[in-house]
Amino acid sequence: MHPRIPALLALALCLTACPKAPPATPVQPVGEAQRLTQEVRALSLESEKLLEEQYRLVWVYWTEGRHVDVAGTYAGKEALFSLENLRKIDRLRQLTKDPRELRALTALHSHFAGEYLSHALAELNDAAANLEASLTLSVDGREVRYRDLERLLANERSATKRRALYAAATPALERLNQTLRRRELRTEELVREMGFESYEAFGSELRQTDLERLAKLAEEILQATQEPYRVVMERLSQRELGLPFNQITRADIPRLFRAREVEDAFPKGEALLKAHGTVAGMGIDLDAMPNVKIDARDLPRKNPRPLSLPVQVPADVRMSFKPGTGVLHQARVLHEFGHTLHAAFTQESRFELARLGNPTVGEAYSALFEDLLEDPVWLEEHAGVIGEQRAQYLAASSAHKLYLIRHAAGRLLYQLELHRRVEADPKELYRTLMTRTDDVPMSDEDVARYLVDQEDFFQSADSFRAWFLAGQLQGQLKARFGPAWWRTPDAGAFLKGLWARGNALSTREVAQALGEQGIAPDVLLLRLGTTLQVPMKLDLKRIEDLLPPAPGLENFTTPPTPASPPPTGAKPAPGLENFTAPANTAPGA
C-alpha cells in the first residue's frame, strides 16, 4: 500500500466522525520588511566570510611577501555587491525604526557601496596605481622612483637641489593626472547610479557627518590658527632651514619637519619593546592574549610598515611588525597597537557595528597611542629624551601637527568647493585655497599636484574628528589617572570599557562616555599652543553642536559600559568566537 493511503483514510474518518475544528487561520504572506531582513542578513554573512578570506590572504602577502590573488576571491560572487543588493539594504533602512538597527544597516550600506565602486573603478584604479609605481624622475643623471620623492626631499640639505628634485617630478605627474581625472569623472557617474543626488551626499553618508557644518569648523580653524601658525613656522624655518618662512617652498616642507633630534633614541629592535612596555603598565599583555598574534619575524620580503589586521573580531586579531629605526617607525607601531587593542577587546555582537562603518573612533584610539610620542613624560620614560633635545623635538612635532590640521582643513574646503562649483577651474581653486592654508605661495609645479593631493570622499572629515577626540581622550586619562596614565591598570580598564563597544559608538557618543558634551577641538589646540608657546583659541561651540547625529540616529542608545572590562588575555565573549571583522573598504581605493 502506498504510504500516503493510511493517512488519507484517517483524514476521511476524522472528517466524518471527529469534532469540528475551528477554521484554520489563513497563512499571511511574508511582509516586505521581514523578507528584506532575511535577505540582507544573508548578504551581510556572505560579505563577512569574504572579508575574512581576503584578510587571510593580505596577511600572507604582508608578512611573507608571497603573491596572493585577492581579486580571485570575488570569483562566483560577482553579484554580491550589485546595485540590486545595494538597493535592498537601502530599502530596509527606509522601513527600519530601531536606531541601532538603522546604524548597522547604514554601515553595511556604506560597505557595499564602497565595494561596488571599487569593482566598477578597478581598471582605472589599477592603471593609476601601476603608473604611479612606475613613475621615475632624473636626478643627477640617475633615475629615482617618484614614490621616494618625499624621503629624498627630507634628506636633501641643499634648498636648490630640493627644488630641482620637486620640479623634476612634474612631467611625470602630468601623465598621472590624466588617469586620475578619468577616474574622478567616472566616480561622479557611479555615485549617481547608486542613487545619491551628489558626490557630497555620498560623502556625508560615508563620514556620518554634516559636511557643510564641518566646513564651517575648517574655516574657523584656519582663521583662529593663522597668526600662531605663522609665528611657529617662522621659528621652525629659521632653525631647520636657515631661511625666513616667506622664502620657503613646498619642496622644503618634508625637510622642515624631519625629526632629527630624537632619531637615535629609537634604535632598531626597540619599537615593539617600547610599545609592549607602554601597555603593560595598563595591565595588558598582548603576548598572553590567545586572540592576538604579533608576527615580529624579520623576513627579507616582509613589508616594513606595521599593520594591524582584524581577521575576526575579536577572535583573531593580528599585527605584523618588522624591526625598524627612528621616531616615525615608533609612531607607526604605537598607531597599530591602538587598532589591535580596539579590535582585541571588542565585545560588540553585531558584525556591522563591531567593524564596519565610519572609522573615526578607531582612528582616535590609534592617534591616542601615537600621540605618546608628543608626551614629554613618555619620551623621558621610554626613550630617555630630556632637556633641550626634547624641547626642540616637541616644537617640531607640534608644529607638524598644526600644519596637518590646517592642511586637512584646506583639503576639505577645496574638495567641497570643487564639487559645488562645477564651473570653477580646479587648478585655480586649488591654488587659492592651499596658498591660504599652507601660507606658502603656489608655483605651477605645486598646482600640478591638484589631483594627486585630492582625497576620496572627504577623508579629512575623519582626520579632524579623530585628532580632536584623541586629544580629549588624552586629557581625560591624564585628569583621571595622572600625567603618566599608561602606568595604571585603572586606565587600562577604562579604555577596555570603550573598546568593548567596537565601532558602534559615534564620535559624539565616545565623547559623552568621557563625560563631555561632544567633540572639542580646543583641547588639542590648547596642548599644541602650550607646547609651542603661542595661544590658540577657537571662538565656537563644540563641534558636535555644529554637527548633529546622522539623520535617524538622534535617539540611538548603546549598552552601558561593562562594570568589569574583560581581563587581559580573556577569551572572546561567548558567541563571538567566529566573529569576522572586515576592513573599512575605502571607495575607489
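Student: What share of the 589 residues in the chain is buried?
Tutor: Buried residues come to 53% of the chain. Keep in mind that this is a predicted model.

Student: And how many helices and strands does the chain have?
Tutor: The chain has 24 helices and five strands.

Student: Among contacts between residues at least 6 apart in sequence, what percentage join residues at least 24 apart?
Tutor: That figure is 78%.

Student: Let's look at helix 2 and helix 3. At what angle do they pack?
Tutor: Helix 2, residues 32–64, packs on helix 3, residues 83–95, at an angle of about 130°. Their axes are 10 Å apart.

Student: Left-handed or right-handed crossing?
Tutor: Helix 2 and helix 3 make a left-handed crossing.

Student: Which residues meet there?
Tutor: From helix 2 you have E32, A33, L36, T37, E39, V40 and L43. They meet N85, K88, I89, R91, L92 and L95 of helix 3. Sorted by class, this contact holds seven nonpolar, two polar and four charged residues.

Student: Which residues of helix 3 are buried?
Tutor: L83, N85, L86, I89, L92 and R93 are the buried ones.

Student: What covers them?
Tutor: The cover includes helix 2, helix 4 (99–120), helix 8 and helix 9 (199–207).

Student: How does the span of helix 3 compare with the one expected at 1.5 Å a residue?
Tutor: Helix 3 has 13 residues and reaches 18 Å from its first C-alpha to its last, close to the 18 Å expected.

Student: You mentioned helix 8. How far does that one reach?
Tutor: Helix 8, residues 170–193, reaches 34 Å between its first and last C-alpha, and 34 Å is what its 24 residues are expected to give. Its buried residues include T170, L173, N177, R183 and E184. Helix 8 is followed by G195, which has a positive phi near 105°.

Student: Is D439 buried, partly exposed or exposed, and why?
Tutor: D439 is partly exposed, because its relative accessible area is 21% and buried means under 20%.

Student: What about Q533, where is that?
Tutor: Q533 sits in the loop between helix 23 and helix 24 (543–546). Phi of Q533 is positive too, near 60°, in a residue other than glycine. Q533 counts as exposed, because its relative accessibility is 66% and the cut-off is over 50%.

Student: Which residues of helix 23 are buried?
Tutor: P521, L524, L525, R527, L528, G529 and L532.

Student: What span should helix 23 have?
Tutor: Its 12 residues, 521–532, should span 16 Å at 1.5 Å a residue, and the end C-alpha atoms are 17 Å apart, which agrees.

Student: New topic: where does F468 lie, and is it buried or exposed?
Tutor: F468 lies in helix 20, residues 460–481. F468 is buried, at a relative accessible area of 0%. F468 and D522 are 54 residues apart in sequence, yet 8.0 Å apart in space, C-alpha to C-alpha.

Student: How do helix 17 and helix 20 cross?
Tutor: The axes of helix 17 (residues 387–420) and helix 20 come within 9 Å and cross at roughly 145°. The crossing is left-handed. Helix 17 brings K401, L404, I405, A408, A409, R411 and L412, while helix 20 brings S460, F464 and W467. By class, that contact has seven nonpolar, one polar and two charged residues.

Student: Last one: which peptide bond is cis?
Tutor: The bond joining V313 and P314 is cis, with omega about 0°. P314 lies in the loop between strand 4 (307–312) and strand 5 (316–320).

Notes:
Residues numbered from 1 in each chain as written. Predicted model: local features only at pLDDT ≥ 70, side-chain atom pairs only at ≥ 80, totals over all residues. Heavy atoms only, no water. Helix = DSSP H or I, 4+ residues; strand = E, 2+ residues; numbered from the N terminus. Buried < 20%, exposed > 50% of the residue type's maximum accessible area, 1.4 Å probe, protein only. Expected span 1.5 Å × (residues − 1). Axes fitted to C-alpha atoms, helices over the stretch in contact; angles between N-to-C directions. Left-handed = near helix turned anticlockwise from the far one by under 90°. Contact = heavy atoms within 4.5 Å. Nonpolar A, V, L, I, M, F, W, Y, C, P; charged D, E, K, R; others polar.
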